[in-house]
Amino acid sequence: MKFTQYSYLIIFFLMLSGCANKFKYFGNDYPETSGAKIFFREADIDKDFEVIGKLYCDFKINTKDSKIQKTIMKKVMEHGGDAAIFGQ
């Protein structure tokens, strides 16, 4: 009986983790910023920026583009980023 109870608990947590957005950040952390620029190509960058890290994200397939962009930019600013390049 214990095995069955624990297996349901594990399945429940796996289902919860499947619904969450997943982020992995590798890099330095700086004080949080209040705004960040968005770039989609390196050629569009208009001034020098220092690369402080990389953020890897997984979203559910049906997540709206605007929500993805907003969520990523929030994470960028939490780590002290002034700008982000999407799709690199």
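The chain holds 2 helices and 4 strands, where helices (H or I, at least four residues) and strands (E, at least two) are DSSP runs numbered from the N terminus. Going from the N terminus on, the order of elements is α-β-β-β-α-β. This is a predicted model, so to speak of local features a pLDDT of at least 70 is needed, side-chain atom pairs count only at pLDDT 80 or more, and totals for chains, interfaces and linings use all residues. Residues are numbered from 1 along each chain as its sequence is written, and side-chain values use heavy atoms, with hydrogens and water left out.

Burial comes next. Of the 88 residues in the chain, 16% are buried; here buried means under 20% relative accessible area, exposed means over 50%, and partly exposed is anything in between (1.4 Å probe, protein chains only). The areas themselves come from the Shrake-Rupley method with a 1.4 Å probe, and for residues only the protein chains shown count as cover.

Two threonines in loops fall on the buried side. Thr-33 sits in the loop between β1 (22–27) and β2 (37–39), and it counts as buried because its relative accessible area is 18%. A polar atom of the Thr-33 side chain lies 2.7 Å from the backbone oxygen of Gly-81, which can be read against the rule for a polar contact: a pair of N or O atoms within 3.5 Å, where within protein one must be able to donate a hydrogen and the other to accept it, and residues adjacent in sequence count only if both atoms are side-chain atoms. Thr-63, in the loop between β3 (53–58) and α2, is buried too, at 16% relative accessibility. Its side chain reaches the backbone oxygen of Lys-60 at 3.0 Å.

The loop between β1 and β2 also holds Glu-32, but this residue is exposed, with a relative accessible area of 60%. Glu-32 and Gly-80 are 48 residues apart along the chain, yet their C-alpha atoms are separated by 4.4 Å. Gly-27 and Lys-54 are 27 residues apart in sequence and 6.4 Å apart in space, C-alpha to C-alpha.

On to the charges. Side chains of opposite charge can pair when their charged atoms come close. With a salt bridge taken as a side-chain nitrogen of Lys or Arg within 4 Å of a carboxyl oxygen of Asp or Glu, the count comes to 3 salt bridges. One of them joins Arg-41 to Asp-44, the closest N and O atoms being 2.7 Å apart; Asp-44 is partly exposed at 36% relative accessibility. Another links the side chains of Asp-46 and Lys-37 at 3.2 Å, N to O. In that pair Asp-46 is exposed, with a relative accessible area of 54%, while Lys-37 is partly exposed at 38%.

Glu-78 and Lys-75 also meet through their side chains in a salt bridge, at 3.8 Å, N to O. These two are separated by about one helical turn, because they are 3 residues apart in helix α2. Both ends are partly exposed: Glu-78 has 33% relative accessibility, and Lys-75 has a relative accessible area of 25%.

Finally, there is a positive surface patch, made up of Lys-60, Lys-67, Lys-70 and Lys-74. Patches take residues with over 30% relative accessible area and no salt bridge, joining like charges within 9 Å and nonpolar side chains (Val, Leu, Ile, Met, Phe, Trp, Tyr) within 5 Å. Lys and Arg count as positive and Asp and Glu as negative, with His and the chain ends not counted; the place of a charge is NZ of Lys, CZ of Arg, CG of Asp or CD of Glu. Among the patch members, Lys-67 lies in helix α2 (residues 65–78) and is partly exposed at 48% relative accessibility.
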